[in-house]
Amino acid sequence: MKTEDVKKIAMIGAGDMGHGIAACCLIGGYTVVLRDIEQKFVDRGMAGIKASFDKFKAKGKMTPEAYDSALARLIPMVDIQEAVKDADFIIEAVPENLKLKKSVFADLDKYAPKRAILASNTSNMSITEIAAATGRPEKVIGYHFFNPAVLMKLVEVIKGAGSSDKSIQIAYDIAKKINKVPVIVKKDSPGFIYNRVNIPNGAFLSKILEAGHPTPEEFDAAMKPFMPMAPFELLDYVGLDIGLHSMEYMMQVLSLEYKPSAPLSALVKAGTLGKKTGRGIYDWSQGRPVIDLSKATKEFDLNHMIALQVNEATKLLEEGVADDPKEIDLAMANGGGSPFGPFALAQSIGYCSP
Ligand SMILES: NC(=O)c1ccc[n+]([C@@H]2O[C@H](COP(=O)([O-])OP(=O)(O)OC[C@H]3O[C@@H](n4cnc5c(N)ncnc54)[C@H](O)[C@@H]3O)[C@@H](O)[C@H]2O)c1
């Protein structure tokens, strides 16, 4: 199969990520089957896609013709066999649970055409392990989008131990076609590039909470002038449960230094998860928290965050997960809100030679 042979994409899971990725594929001109386990979840995903397209149309980013054409190519589905029987490329975005993902991939392998490439949107998990549930590891790849998928540019295209170069190339080309910035992750490694480079900062914030000093607001006030969202504010925005889950996973597969601190675990246990529950580290009940910049700590500055990222990014180069600092910078600049990657930032302040 060649990239131009891919006409129909099946999206497995119509949740936050699934409906966003489906929307991107529709905008890119593909026919998309949207599959979830119950009609009500499919309907919610369809409504999410329509809501995004309504906004694009209202802002003039989508013509009425493109709007009609995209929605006409969207096929809702609950039956898994029907959903994938003639799909060329399949993207899975079911919850982050390895057992569930493996059972989904076993079904995809059984029901999808032999030519079909099977891609997982897992945030952290091993593509090689997921591929082991199928009889076609050469056609299984990681395909990591960022939230919200309709807006965020980065797609990590991850090579599992058995993924063929051809499958990676087709996935890369499709990501380009749907207006994303693909970065190839050359080795299947926990957290791939973006999440891995950020995990030490997550651990750092967790330790600051444990130390009780500086306060999150004092710390954020020192960082905020340099970023669209300050670190603790961002942790709240993403969800403390997601941060905790990610650290627990990295602690198991990478290093004990990522063990979450007791205050972070306690906040999650108490259901104070950040923006989505109205309260986390900050109070979000009245909207985005206001951070008083006059409270900025002098103890820490942006260089500490950059240094942590550069250290971890250097490990990725040493381990062969990426072989070019520019690719890591490209991933970091397109997966988050920063216009620069850590190597470029470090270079600009004299941390690394060009
Ligand atoms: N939310 C994020 O910020 C984010 C970012 C990048 C990657 N991811 C990854 O994307 C994946 C999905 O995350 P999400 O946030 O969209 O989760 P979600 O809970 O919003 O959506 C998951 C959907 O999958 C459905 N589902 C469960 N079992 C299924 C099955 N067997 N077949 C089809 N659908 C099934 C659920 O009903 C639900 O609608 C996870 O692996 C997550 O780690 C999430």
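User: Start with the whole chain. How many helices and strands does the secondary structure come to?

Analyst: The model is predicted, so keep that in mind throughout. The chain comes to 15 helices and eight strands.

User: What does the radius of gyration say about the chain?

Analyst: Compare the value with that of a compact globule. For 354 residues, such a globule would have a radius of gyration near 20 Å. The chain has 21 Å, which agrees. Along the principal axes, the C-alpha atoms fill a box of roughly 60 × 45 × 40 Å.

User: What share of the residues is buried?

Analyst: Buried means under 20% relative accessible area. In this chain, 50% of the 354 residues are buried.

User: And how should I read the contacts by sequence separation? What share joins residues at least 24 apart?

Analyst: Take the contacts between residues at least 6 apart in sequence. Of these, 69% join residues at least 24 apart.

User: Now helix packing. At what angle do helix 8 and helix 13 cross?

Analyst: Begin with distance and angle. The axes of helix 8 (residues 194–211) and helix 13 come within 8 Å and cross at roughly 140 degrees. Only angles over 145 count as roughly antiparallel. Helix 8 is therefore oblique to helix 13. The crossing is right-handed.

User: Which residues make that contact?

Analyst: Helix 8 supplies Arg 196, Val 197, Asn 198, Pro 200, Asn 201 and Phe 204. From helix 13 come His 304, Met 305, Leu 308, Gln 309, Glu 312, Ala 313, Lys 315, Leu 316 and Glu 319. By class, the contact of helix 8 with helix 13 holds seven nonpolar, four polar and four charged residues.

User: Helix 13 also meets helix 14. How do their axes cross?

Analyst: Helix 13 (residues 302–319) and helix 14 (residues 325–335) have axes that come within 10 Å and cross at roughly 130 degrees. These two helices are therefore oblique to each other. Helix 13 passes helix 14 in a right-handed crossing.

User: What residues are involved, and how do they divide by class?

Analyst: On helix 13, the contact uses Gln 309, Ala 313, Leu 316 and Leu 317. On helix 14, it uses Pro 325, Ile 328 and Met 332. The contact of helix 13 with helix 14 has six nonpolar residues, one polar and no charged. Note that Gln 309, Ala 313 and Leu 316 are also listed in the contact of helix 8 with helix 13.

User: On to the backbone. Which peptide bonds into proline are cis?

Analyst: Check omega. The bond from Asn 147 to Pro 148 is cis, with omega near 0 degrees. Pro 148 lies in the loop between strand 6 (140–145) and strand 7 (154–159). The bond from His 213 to Pro 214 is cis too, with omega near -5 degrees. Pro 214 sits in the loop between helix 8 and helix 9 (216–223).

User: Where does phi take a positive value in a residue other than glycine?

Analyst: Two cases deserve a look. Asn 179 has phi near 70 degrees. Its place is the loop between helix 7 and strand 8 (181–185). Phe 192 has phi near 55 degrees. That residue is in the loop between strand 8 and helix 8.

User: Is Phe 192 buried or exposed?

Analyst: Look at relative accessibility. Phe 192 has 0%, so it counts as buried.

User: Now single residues. Where is Tyr 172, and what does Tyr 172 touch?

Analyst: Place, accessibility, then contacts. Tyr 172 is in helix 7 (residues 165–177). With a relative accessible area of 23%, Tyr 172 is partly exposed. Setting aside residues up to four places away in sequence, Tyr 172 touches Val 157, Pro 182 and Ile 184. Tyr 172 and Ile 21 are 151 residues apart in sequence, yet 15 Å apart in space, C-alpha to C-alpha.

Notes
Residues are numbered from 1 along each chain as its sequence is written. This is a predicted model: local features need pLDDT of at least 70, side-chain atom pairs count only at pLDDT 80 or more; totals for chains, interfaces and linings use all residues. Side-chain values use heavy atoms; hydrogens and water are left out. Axes are lines fitted to C-alpha atoms, for helices over the stretch in contact, and angles run from 0 to 180 degrees between N-to-C directions. Helices (H or I, at least four residues) and strands (E, at least two) are DSSP runs, numbered from the N terminus. Angles under 35 degrees count as roughly parallel, over 145 as roughly antiparallel, 65 to 115 as roughly perpendicular and the rest as oblique. A crossing is left-handed if the near helix is turned anticlockwise from the far one by less than a right angle, and right-handed if clockwise. Contact means heavy atoms within 4.5 Å. Ala, Val, Leu, Ile, Met, Phe, Trp, Tyr, Cys and Pro count as nonpolar, Asp, Glu, Lys and Arg as charged, and the others, Gly among them, as polar. Buried means under 20% relative accessible area, exposed over 50%, partly exposed in between (1.4 Å probe, protein chains only). The radius of gyration is taken over C-alpha atoms; the globule rule is 2.2 Å times the number of residues to the power 0.38.
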